[in-house]
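Please look over the structure below.

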Amino acid sequence: MKLDSGSSLLVILATILVVAVVNGKTLTTKPDFLTQCQPNDSEFNRCLVRNFQAFFTEWKEGLLSPKYVGDLDPLFVKRIIMEQDLRHPVSMNANLHNLEVKGLRDLRVENVSFDLNELFAKATLVVPKLNIHSDYTITGRILSLALNGNGKAFIRAEHLEVKLLIRFKLRDEDGLTFMDVDKLHAEIKEVGGFGIRLDNLFHGQKVLEESAHDVFNENWHEFYEILRPAIKSAVETILTERLSKIFANVPATFIIGELPAAADYYG
């Protein structure tokens, strides 16, 4: 996956999980933590919030094939690569690998809305605190300070507010109707705090390393903007993987009542 942020930044992200929906097992009995939300009910959106929250906090392994919807916390990511134009005063080329992401178990679903005609959902998620441990290699510069090192990295972000836009498509199979995730877009709208530490940044020059970390964390807004596309890409991939697997194997009527069959909807 690559995306261009407009500032010569490319992000490549690969998780240990595969986004493609395969080898699932259709859920034939509605679990107690899911409610069939009725579109004509004044509490429809609140009901959807509870269902979406359950996808992250109540979902138990074994409802589908073992490990099919894997652990959310900790989550393991293979690699994030950032490439920038090193002629800029603040720039870096970095390879984060063997990432362990913690904090997603505390994710809160703040609101959800669903357009029954367009099969389009909007949702707001909040992650109170995200901690990432990884290995890293980096080259770049911060003003007059050249960056060059490899070792262990620690990144933290606080109060990540994520806006989701999800487009679904209906599918009929074995007498049941499903809502497959057709496209998911995530946008990080707010972050309350950000910090980064890169051990062995200057190959053992501790004074220089501490000075660099002071610059990182005193100017965290600027460094967050550098890493925002990478964090966005990771969040988008994780959510697409999880929600795609669940929606592909949970009958849509377990979640929303009065949905038409795909054959009737598409004519």
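Contact here means heavy atoms within 4.5 Å. By that cut-off, Asp135 touches Asn95, Leu96, His97, Asn98, Gly151 and Lys152, leaving aside residues up to four places away in sequence.

This is a predicted model, in which local features need pLDDT of at least 70, side-chain atom pairs count only at pLDDT 80 or more, and totals for chains, interfaces and linings use all residues. Residues are numbered from 1 along each chain as its sequence is written, and side-chain values use heavy atoms, with hydrogens and water left out.

Asp135 lies in strand 5. Helices (H or I, at least four residues) and strands (E, at least two) are DSSP runs, numbered from the N terminus. Asp135 is buried, at 17% relative accessible area. Buried means under 20%, exposed over 50% and partly exposed in between, with a 1.4 Å probe and protein chains only. The side chain of Asp135 makes a polar contact of 3.0 Å with that of Asn98. Another, of 2.6 Å, links the side chains of Asp135 and Lys152. A polar contact is a pair of N or O atoms within 3.5 Å; within protein, one must be able to donate a hydrogen and the other to accept it, and residues adjacent in sequence count only if both atoms are side-chain atoms.

**Positive phi**

Most residues other than glycine have a negative phi. Asn98 and Glu258 have positive values.

**Helix 1**

Helix 1 (residues 44–57) packs against helix 3 (residues 220–249) at about 110°, with axes 11 Å apart. That makes the two roughly perpendicular, a class that runs from 65 to 115 degrees. Axes are lines fitted to C-alpha atoms over the stretch in contact, and angles run from 0 to 180 degrees between N-to-C directions. Helix 1 contributes Phe52, Phe55 and Phe56 to the contact; helix 3 contributes Leu239, Arg242, Leu243, Ile246 and Phe247.

Ten of the 14 residues of helix 1 are buried, so the rest of the structure largely encloses it. Among them are Phe44, Cys47, Leu48 and Val49. The cover over the buried residues of helix 1 includes strand 4 (108–115), strand 5 (120–142), strand 6 (145–173) and helix 3.

Key:
Parallel < 35°, antiparallel > 145°, perpendicular 65-115°, else oblique.
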